[in-house]
Amino acid sequence: MKLLRLGSNNVSFLSASSLWVERLAGASLNDLVTIQDDSGDSFVGRVVEVQNDRCHVRICDGEHSLCRDSLQVWLGSNELELPDEPPLAASRLTRRSVFKTRIAPVDALFPLQHGHSIFVAGVSLYRSLALFSALLHGALSDHQWPCLISLDTSKNEAEEIRRIWDHYGLEDEGLFISDSRDQLYQSMTPLRLGWEAAICRASEGRDVFLMVLDLESWARFYQEDMALRGYYRSRAGALNGFRNALSTHMQMLYGHKGRITAAMLLSERKVAGLPSELLALRDLFDGVLILRGDGALSLHGYTPQLPRGMDRSVEYACLLRRQCKELSRELKRRRMDEYPLSQEERAFDRALHKFLSGLEPRADASPQRIWQILALMPESRISRVPLSLLREYGSNDGGEALR
Amino acid sequence: MLGEFACTEDNSWYGQVQSHNGRAVRILPLDLPEKIRPGEVLHLSGETLEERLARTEPGAVIDPLGRRIIKIGDVSMGNLSFSAVPQRTAGGSFWGLKTLGEFMNLHDGEGVALLGAPPGGFALLFSQIAAAQRADFLYIFCQGGYHELYRYCCAVQIAGSAEKCTILWTPPWNVPAMKTLVPRALAYLTERSHAARRQLVLIDDLHYWLESIREYGESSGEPSLPDGYPYTARRQLGELLDLKSLPDGEDRSTSLLIGWRYEEEFSPLAEHPYMGRLPRFMRTGIILEELSENLVPSADSWGELSPAGRCWRRLCRLTEECDEDFRHELEALTELFGELFVEYSPLSFAMESENQVQWSEADGKALLRLASRPNQKLMASVLKIRAELHLNFRECPDVRRRSFIDWLRAQEEQP
């Protein structure tokens, strides 16, 4: 973080959202400035006009009650900056361990790792809240510091988020919500503050779980920001710029890999019948979770595998996912061709559906739940699951032997 | 001098001379405008891109201005011990495409395009390709952040060729103008006189690059054509795809492998103004479809099919046309063949040894003969070999391929 100590305490005019500063040396258009009052509170502003030796600053931060005479304006802000050299510290980058979310379908099929970034493709913000609430619960049981950034939140959704937050008895310092009626720069503020808070906690040595709701609004803000700065871009050009911005934000977390686990939501997957263009951003993430229309987990997500022997459960999850995916596809095709399903196939279909829609956090750990699924898999399929996997979960299950 | 670089005193801001009229010089900024302030002194360095690049040494990550970022060998492999797996550097596939490359006949000095949306993105897929390739010299154009860059660095170290590789890196926080320098930089690097014999250029996402060129054009005020792209995009794309060159008298060639991200549902091949041009420039294009987490070349791919590719196409057609009685078993056979010879898993970074066992034309004919005259006994044995291969030798693809071919020959010999 860098704060250039070039400043001025000569504020000539102050209005609700902007001020005129005299003799702020070196200020140029679109520069960020920090405004500090006598109590030490600081706000971020942006230079929107320069005339000779005075400049017009618009205040981007939220509500403020400032007095003209006590203000100091510094050029630059405490915005985060990427390191000049690529971060090479191996020990920090390579901590790899599985983050047990205690959501049975996620743990069994899409095991998350500490320090990974996860892309959640939901259908709507409201429907995805169940998953995020469950993830929050998992992060808390895993002793991580939760941090939630919600952009462009409507009143009801904000209430809902606060209800979840209060339910776990969490403090407000990890909650960053911008209202849908806020101005652009006010709306972007939670993003900056949230990122700062997460990185600050991570440098203190705490594990952080960062949630961002959602990419759709962030992308809209980005386009507005570009338009206000005078770059008129086509939709595709703006999309590319947003990809760069998002990627840069994620690189800031990368320096603390292993400490900050990030989950970001894309709330609308379909726009007028077509898949959202932002869906392509999933390439920037380590893992992808896709929610179906009813808010349940779909089998189409993925997490990359670890190199062999790092953690068996990740490898098993991949195999299990593949089996379930093939089988459910086959069942679907047969249902469409109106073939009768056998007794055991019908039972498996029901069990899988139940398993995938059970997103609420439960106390029982995953091996038993996987065993339930495996035990219901038709005979012809179970032969394709490697014996080592069956043995692993078979032995976890106490007395129950292999079929 | 045109094309000369200009920089501030502390070397923190770069620009390039675009034009001059004797008194005033027009400079293209290659860094964020916030970094330069009025009143700062700009130096003309007197160096062009080529002169700067001439000084770079192999085995490093450089940016398009020729500045060295890090050495590839300096990137630690973390706590992953790959040294347990001996990496052979001779023989094997040159392209590193593994089963995807066996689907088509690929030759030195041609261009191959991979199209689709592989899970984990093209950066993951291409880093695996970088780990498996056996080129004499490798150029990688990386457009990702630290994460992707380190993936490539590790992959190149796994391949044992850290000293025979140059990574050109334009991270997402660079201004789009930086990306316009890439075609010239790559063209210069690949055409140097001391170039290696077989060179390979990997460009992980051409679509991303093209969108950045569009963004650059828009922000510099270029009017866009009706297709939505500015004039520069077409010329730049041509320059980039022209990197490939067929083997010359001394057998030196440059092969080009590009990725193009597209979603099946909403950007079909014909609709994109530049994607439709790809088959003109690239001899082979493999369109990837996702089939339960594995990638399979789809029917729209273009290029010259290999024996395995031809066999796979016909087998799929046979499966669609066959009787209901044998459909299940034939599907099992197709699936097994696909799994062994066609499918590619992009999510596993497991170190599988290179596929030495190849599918031959004769085997293909034998398999199709069997599949076109299915009978009860044969079908039972298909299910048996499938169950066997699924349970055993999961870790050794070559053993499974060999035993499948052995099984096929045994079926042939039976009356």
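**A walk through chains A and B**

Let's start with chain A: of its 403 residues, 40% are buried. Keep in mind as you look around that this is a predicted model. Chain A holds twelve helices and 17 strands. If you take the contacts in chain A between residues at least 6 apart in sequence, 70% of them link residues at least 24 apart.

How far can you trust what you see? The pLDDT of chain A averages 79, and 80% of the residues reach at least 70.

Now for the layout of chain A. Where domains 2 and 3 of chain A touch, 15 residues of domain 2 meet 15 residues of domain 3. On the domain 2 side, helix H2 (104-109) and helix H3 (125-141) of chain A are the elements that give two or more residues. Sort the residues on that side of domain 2 of chain A by class and you get eleven nonpolar, two polar and two charged.

Which strands pair with S11(A)? One is strand S13 (residues 208-213) of chain A, which runs parallel to S11(A) and is joined to it by six bridges. Another is strand S12 (residues 175-179) of chain A, also parallel, joined to S11(A) by four bridges.

Over to chain B. Its assignment gives domain 1 (1-47), domain 2 (49-77 + 91-304) and domain 3 (310-413). Taken over C-alpha atoms, the centres of domain 2 and domain 3 of chain B are 33 Å apart. Where these two touch, domain 2 of chain B brings 20 residues and domain 3 of chain B brings eleven. On the domain 2 side in chain B, helix H2 (99-103), helix H3 (121-132) and strand S13 (294-297) each supply at least two residues. By class, that side of domain 2 of chain B has eleven nonpolar, six polar and three charged residues.

Is H3(B) mostly covered or mostly open? Mostly covered: twelve of its twelve residues are buried. Among them are Phe122(B), Leu124(B), Leu125(B), Phe126(B) and Ile129(B), along with Ser127(B) and Gln128(B). What do the buried residues of H3(B) pack against? Their partners in chain B are strand S8 (137-142), helix H4 (146-158), strand S10 (198-203) and strand S11 (253-261). The length of this helix can be checked too: at 1.5 Å a residue, the twelve residues of H3(B) should span 16 Å, and the end C-alpha atoms are 18 Å apart, which agrees.

Definitions and conventions: Residues are numbered from 1 along each chain as its sequence is written. Chains are lettered from A and ligands numbered from 1 in the order in which they are written. This is a predicted model: local features need pLDDT of at least 70, side-chain atom pairs count only at pLDDT 80 or more; totals for chains, interfaces and linings use all residues. pLDDT is the predictor's confidence in each residue, from 0 to 100. Domain bounds come from an automatic or database domain assignment. Two residues are in contact if their C-beta atoms, placed from the backbone, lie within 7 Å. Ala, Val, Leu, Ile, Met, Phe, Trp, Tyr, Cys and Pro count as nonpolar, Asp, Glu, Lys and Arg as charged, and the others, Gly among them, as polar. The expected span of a helix is 1.5 Å times one less than its number of residues. A residue is buried if 20 or more other C-beta atoms lie within 10 Å of its own, exposed if 12 or fewer, and partly exposed in between; C-beta atoms are placed from the backbone. Two strands pair if DSSP finds at least two bridges between them.
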